[in-house]
Each structure stands twice: as structure tokens, then as C-alpha cells.
Amino acid sequence: MRATTLLNNLLGIKRTRVVGLFFDEDGLVIDVRPTTRVAWCSCCGRRVREIHDARERYWRHLDLGGMKWHLRYRLRRVRCARCGVTVEMVPWAQPGSWFTDAFETTVAYLAQSAAKTVVAEMMRIAWATVGSIVARVVGRHRGEDLLDGLTFIGIDELSYRKHHEYVTVVIDHRRGRVVWAAPGKNADTLRRFFAELGPERCAKLLGVTIDMSGAYIAAVTEAAPRARLTFDRFHVQRLAHDALDQVRRAEVRALEDPEDRRALKNTRFALQKNPWNLTAIESGKLADVQRTNAPIYRAYLLKETLAAILDRRQPNVARRMLDDWIGWAAHSRLAPFAKLARTIRAHLEGIIAYVATGLSNGRTEGLNGKARTITRRSYGLHSASSLIAMLFLCCSGLTLRPAHAVPSFH
Ligand SMILES: [Zn+2]
């Protein structure tokens, strides 16, 4: 078998022919050529006749036996009637990328589940390069319009760079995936989403889940007046968790004895966890709190009861229970819960709507958790665009396969 036939098979790229090879200090370099000599514009895909000039270029391909492979080709610049001077299209790579498609797909596939540092080390590329490759792969694998067919959506914000920067994320509740994301977290950010969605698709929105902070409420009501505003139970419960934490911290501060302080400080996880998930030690801590600190225990019961109410599926039952809860919290002599009671009263209809729409939150919960993990994993990401590309890579239902080649015998 001739070396070039062998290499053609190992390369496994369609419409590409190996014409030579050599080794350099970095690994194996193979000279390749598209099988047709006709040039195509990489911008519009049309055939072009006029060649402007040509320049030698290298593309990184998947390693072979642990050794780096580069493809070398004199890339032609062409004069396209529609686009002006552009580069020609090549079968092995995207315009503007110095990596083959197979290499990029493999990087993106790995980045779906491994930390970026692992991907960077394994593929021997710069850490920032992982981000730009992910952005390109996400761009070219997105066949359908994610904004089609939306009826129930969720709007959330994710913080990154240690909570200094925000990205607004729109989730399709029905399909359980991220469909839109942009930097920022105010009403104007969200108006851009509705502008992209357009009036026709806006009119089809039946329900929107958002948090009770109010930044997004105006944008939703003006763009989709028919959609029912729903306040996500996570946001409601998160506020209850925060209120409980405030009560606990105030009680810790009020204690004189350092020993007592430490004991109370250590109750945080026992208090925040669901009671059925407590370990024996945590249950013991909770019992101690019940015995020794009435305010914290009251706050704990308020938090747990609220969660139980949000589990209900009958709107009327939930409404009655929430009314009771608001009265209880308002008179609990716990300032953070009195405040939460006012917030819940002001947004009651949206909370009842959550119970009524019966949105299965399991998937969304999982999606939220996943999005937050990615944000944490990408902590060093310094741009919103890399974070957004990662969100689409991991949370928009994109299925990638590693680029495996098989021999072809002809
Ligand atoms: Zn063109």
C-alpha cells in the first residue's frame, strides 16, 4: 500500500486527497488538496473563477498515535462576484479556523462534560481556544430555530466573574433546554429577546416564569400581555432560604459565648437541607435548635411549610394555605420573614399560577443546576460570549459525537 493511500484512509476526510508528507519538529505534516480544482467562495458557497492569490496554511488535525498532525495546503484567495475577495472553501475546515472540523467537533464533545483545563491539556490547545472552537461548533450545529414553537418559557439570570457580570437566559420549559442568552440582566436585555422572537411568536406565549425582582416584569407584560406571569418556585424558595439565613446570622451575632456561637453556626446545612435528606448528626443539630433557639426554629418551619405549600397541585388549596402562611410570617416577629410575606402577597397571583400551570419543574430544576455548574466550571471565562457558547453547547439539546473515522476501500 502506498503511503498516500494509507494516509488518505487515516485522514478520513471526504473530498480531500493527500499529496505528500514530511515530519517537522512538531509532528507529522501532510500536504493535502481538495479533490476538485474548482474554487468555491467560503462566504456564500458559490463557484468562483477568479483567483486572487494563494498562501500556504496549516490546519491542526486530530492526533495520530499521540503525535500531532497538521494539514498543509496553499489556500487560495478568490474574487467572488457577490462577496469580493474571500478565501476559498476547503472540505476539511471552516473558514477562519486553523483546526479541522473533526478536531473541533472532538474538542466540543469533550467540553460538554469535562473541565476546560482538561480539554485544553488533552487536545494541546490554549485554554481560550477551547472557547472559540466551542462557539464555532455551536454555530454550525444549530439547524433548527430554537425560538420556534415556544409556549412556556422561563427567564433567569446567571452571574459569572464572581457575581460582577450577568447573562440573561431564556429556557423552553416544554423541551427543557436553553433557547436564548445574552449579556446583561435588565428589562432592555429581555426586550432584545422579544424583538428577536417577533410579535407572531410572542402572541403564542402562554406562560412565562420569572423571579419576583421586577426587572423583567415590565418587559414581559409589554411584549406578551396574554402570557401568564408565573413566579418560579425556586425563586420563592430561594428568598425563604435567604430569610432563614438572615435570622440565623442575627441569632449567632447575639450570642455571647463563643462555644454557643460555633454550635449555632454549624447548623446552617441542617437548616437549609430538606428534612428527609438529613443525616443523623444533622437531625440531632436540628433537634438542638428546636430546644435552644425558638426564632431560628420558627424560621425553619416557615421555610419548610412554604416549600410544602408549593408542592400542592390544587390552586385553591394553595391559595388558602398561602394566605395562612402570609399571616403567620407577618406576625412571626422575624423581620426577614415579615418582609418575605409582603413580597409574596404582592406577587400572589403569579405564585398561584405556578401551582395551576403544573409546570413540571424537575427538568427545569436539572437545567438550572447544569447551567450553574457550567458557570462555575467556566469561572475563569472572561467573556459573556464564551459562557453563552458553553450554555448552548451543554444545555440546548445539542448532540455531538466524537469524530471517529473508518477506512474506505476504493
Ligand atoms: Zn461569495
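Mentor: Gladly, starting with the aromatic pairs: a search of the whole structure finds nine of them. The model is predicted, so local features need pLDDT of at least 70 and side-chain atom pairs count only at pLDDT 80 or more, while totals for chains, interfaces and linings use all residues. Residues are numbered from 1 along each chain as its sequence is written, and side-chain values use heavy atoms, with hydrogens and water left out.

Trainee: What makes Trp325 and Phe337 an edge-to-face pair?

Mentor: Rings of Phe, Tyr and Trp (its six-membered ring) pair if their centres lie within 6.5 Å; planes under 30 degrees apart are stacked, over 60 edge-to-face, and the rest tilted. Here the centres are 6.5 Å apart and the planes make 65°, so the pair is edge-to-face. Trp325 belongs to helix 12 (residues 315-330) and Phe337 to helix 13 (residues 335-346), so the pair ties together parts that are 12 residues apart in sequence. Helices here are DSSP runs (H or I, at least four residues), as are strands (E, at least two), numbered from the N terminus.

Trainee: Which residues do ring pairs link into a cluster?

Mentor: Trp59, Tyr73, Trp92 and Trp98.

Trainee: Why is Lys116 said to lie over the face of Trp127?

Mentor: The rule asks for NZ of Lys or CZ of Arg within 6 Å of the ring centre and within 35 degrees of the ring normal. Lys116 lies over the face of Trp127 at 5.9 Å from the ring centre, so the distance meets the limit. Arg268 is placed likewise over the face of Phe269, at 5.8 Å.

Trainee: How do you know that Arg72 and Asp31 form a salt bridge?

Mentor: The label needs a side-chain nitrogen of Lys or Arg within 4 Å of a carboxyl oxygen of Asp or Glu. For Arg72 and Asp31 the N to O distance is 2.5 Å, so the pair qualifies. Arg72 lies in strand 6 and Asp31 in strand 2 (residues 27-34), so the bridge ties together parts that are 41 residues apart in sequence. By this rule the count comes to 24 salt bridges.

Trainee: Why is Asp31 called buried?

Mentor: Buried means under 20% relative accessible area, exposed over 50%, and partly exposed in between (1.4 Å probe, protein chains only). Asp31 has 17%, so the label is buried.

Trainee: What labels do Arg262 and Glu259 get, given their salt bridge?

Mentor: Their N to O distance is 3.2 Å, and both lie in helix 8 (residues 258-265), three residues apart, about one turn of the helix. Arg262 is partly exposed at 47%, whereas Glu259 is exposed at 51%.

Trainee: What makes strand 8 and strand 9 a pair?

Mentor: Two strands pair if DSSP finds at least two bridges between them. Strand 8 (residues 152-160) and strand 9 (residues 165-172) have eight, in the antiparallel sense, so they pass. In strand 9, Val167 is the bridge partner of Leu158.

Trainee: Why do strand 10 and strand 12 count as edges?

Mentor: They belong to an open sheet of five strands with mixed pairing, in the order 10-9-8-11-12. Strand 10 (177-183) and strand 12 (228-231) each have a single partner strand, so one side of each is left without a neighbour in the sheet.
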